[in-house]
Structures are given as C-alpha cells and as structure tokens.
Amino acid sequence: QAQSKLKSVDKLAKELTALKNERPDVRVKVLNFSLPEPERSDKTVAAAADLAYAYPGREPIWPPLTFQLFRGQKVALVGHNGAGKTTLLKLIVGANKPTDGRIVLGTGVKIGYFSQHQTEILNTEAMVMAEMRRMAGPKATHLECCSTLGLFLLGEDYWERRVSELSGGEKSRLVLAGLFSARANFLILDEPTNHLDLESREALVRALAEFTGTILMVAHDRYLLREAAAEVWSVGADGITVYDEGYAAYEAAQMAEASAV
C-alpha cells in the first residue's frame, strides 16, 4: 500500500510539472508611450495682459495677471482650492471669457487640453472608435486610429463600446489617445493622472518629462509635479509667484512660511 501511494504521488507530481510547463506565458500589458515631436511655434506661446475673471456677482478671483509663457516651458500651477487654477486654464483654452484684460496665443500654437472633467472633452454617447476618429481629425486614417487606441490599451474589444460604459481610467486613456493624435505643441492639463493606475501614471509622467513642447498643468500629484514641471507658479490673492527652481523650491518656501508662523 505504501509503495502504491508513493507511485500515485510520483504520478501526480509529474502531471503537475507537465501542466506547469504547458501554461502559457501571460504578460500583462502596461501603458508605455512617447508623445510625438511637436511642430515649432512662436517663441511666445501665450501672453496675458491685465487678465481678470470674476464669477457673476462676485469679486475678481485674483488681481489682474500679466505674464508670458515661452516655448518649451513646463509650468505647474499650484494654490489652495478655489484659487482659480482651473479657471485660468479655461481662460487660456477659450472655455471662459475674461471679464477684463486679454490673453493671446502665439502663431503656430496648437493646444491639447486635458480636463479633469472628462465629459467636457468626450462625447459619452459616442462609440469609442467614432470618438477616436473625431479627436484624431479628418486626416487620420482608420489604421492610425486603431493603432493609437491599441497603444493606450483600448484594443478591438473596446471599439464598439459606448464611451459612457468605460471606467474612469479607460476614459482618461481615451483622452490621452486624443492628445497623442492631435500632435499639440502646447499641452494644458488639469489633473491628468486622476483615475489612472500606477503603471499608466508613471508612463504619462515619463512622456511629459520627455516632451519637447510647452506644458501648463494643474495637479495634486506631487510625483508628477516633481518629475515633469521645471517651474511652479503659485496662484492666489496676490497674483502669481514664480518658483523657477521647480516644485522642491515651492515646497521649501511653504515649509519656511509655516515655521515662521
């Protein structure tokens, strides 16, 4: 009986080994991309003069702002909630109109906008492939749309799904696929890492750090701010304060201010 049991154990061990050897090598796909080389724009990408904005019946959010953003700059807007960071982005993209002053874009500037509210960019009733074609523009071929969706982990199984059926992370990847196809040279990003998983977030941060165009972004993601923003503009009741040594300099200033209180 003992020898019979040993033979059974040996047989079972061989079967398990055979199953293990036959098991396919399953590899999980992760997002990995680089943004296309953008076309060159004017040296001055955006210029604001005495720019002001006030919601109806309220005082202006900040004193009149005058600033210039130059080609290749990577700037993070920071400030407390309600400081008007997203409002400033919307003024630049033209979604809001200034109550005073003006903002002008340079010649050859092509904006790519990522809103933290995905419904401001995506038509949620459209199918994924149709929405990809809309964002990519009339010059994009079907093959290019397919390839771009695949690059952003939205393979064939997604193409005939309604956008509203996608998860938050899938919608974010679809918006990023649209930015990729648009080949913009001025990226305006509002919380771009929201809804992304860790691997997708790291891929986006790498792509933005390597991007040779201009970036103006709002984010609470400290990793993104440290890695992809060369300078920080703090926006508030006093206007804009520039920290041209990046997020570390901004954090040091915040700590010094807190310790002085």
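The secondary structure of the protein chain, in this predicted model, comes to 8 helices and 9 strands. The chain has 261 residues, of which 44% count as buried, and its accessible surface comes to about 14,900 Å², with 50% of that area belonging to carbon and sulfur atoms. When contacts between residues at least 6 apart in sequence are considered, 67% of them join residues at least 24 apart.

Helix α3 (residues 128-136) packs with helix α5 (residues 168-182), and its axis also comes within 10 Å of that of helix α4 (residues 142-151). The table sets out the two pairs.

| Helix pair | Angle between axes | Axis distance |
|---|---|---|
| α3 and α5 | about 35° | 8 Å |
| α3 and α4 | roughly 110° | within 10 Å |

In the pair with α5, α3 passes its partner in a right-handed crossing. On the α3 side the contact is made by Val128, Glu131, Met132, Met135 and Ala136, which meet Leu174, Ala177, Gly178 and Ser181 in α5. By class, the residues of this contact divide into 6 nonpolar, 2 polar and 1 charged.

The pair with α4 crosses at roughly 110°, and because angles of 65 to 115 degrees count as roughly perpendicular, α3 and α4 are therefore roughly perpendicular to each other. Here Val128, Met129, Met132, Arg133 and Ala136 of α3 make the contact with His142, Cys145, Cys146, Thr148 and Leu149 of α4. The contact of α3 with α4 has 7 nonpolar, 2 polar and 1 charged residues. Val128, Met132 and Ala136 of α3 take part in both contacts, with α5 and with α4.

How values were computed
Residues are numbered from 1 along each chain as its sequence is written. This is a predicted model: local features need pLDDT of at least 70, side-chain atom pairs count only at pLDDT 80 or more; totals for chains, interfaces and linings use all residues. Side-chain values use heavy atoms; hydrogens and water are left out. Axes are lines fitted to C-alpha atoms, for helices over the stretch in contact, and angles run from 0 to 180 degrees between N-to-C directions. Helices (H or I, at least four residues) and strands (E, at least two) are DSSP runs, numbered from the N terminus. A crossing is left-handed if the near helix is turned anticlockwise from the far one by less than a right angle, and right-handed if clockwise. Contact means heavy atoms within 4.5 Å. Ala, Val, Leu, Ile, Met, Phe, Trp, Tyr, Cys and Pro count as nonpolar, Asp, Glu, Lys and Arg as charged, and the others, Gly among them, as polar. Buried means under 20% relative accessible area, exposed over 50%, partly exposed in between (1.4 Å probe, protein chains only). Accessible areas come from the Shrake-Rupley method with a 1.4 Å probe; for residues, only the protein chains shown count as cover. Angles under 35 degrees count as roughly parallel, over 145 as roughly antiparallel, 65 to 115 as roughly perpendicular and the rest as oblique.
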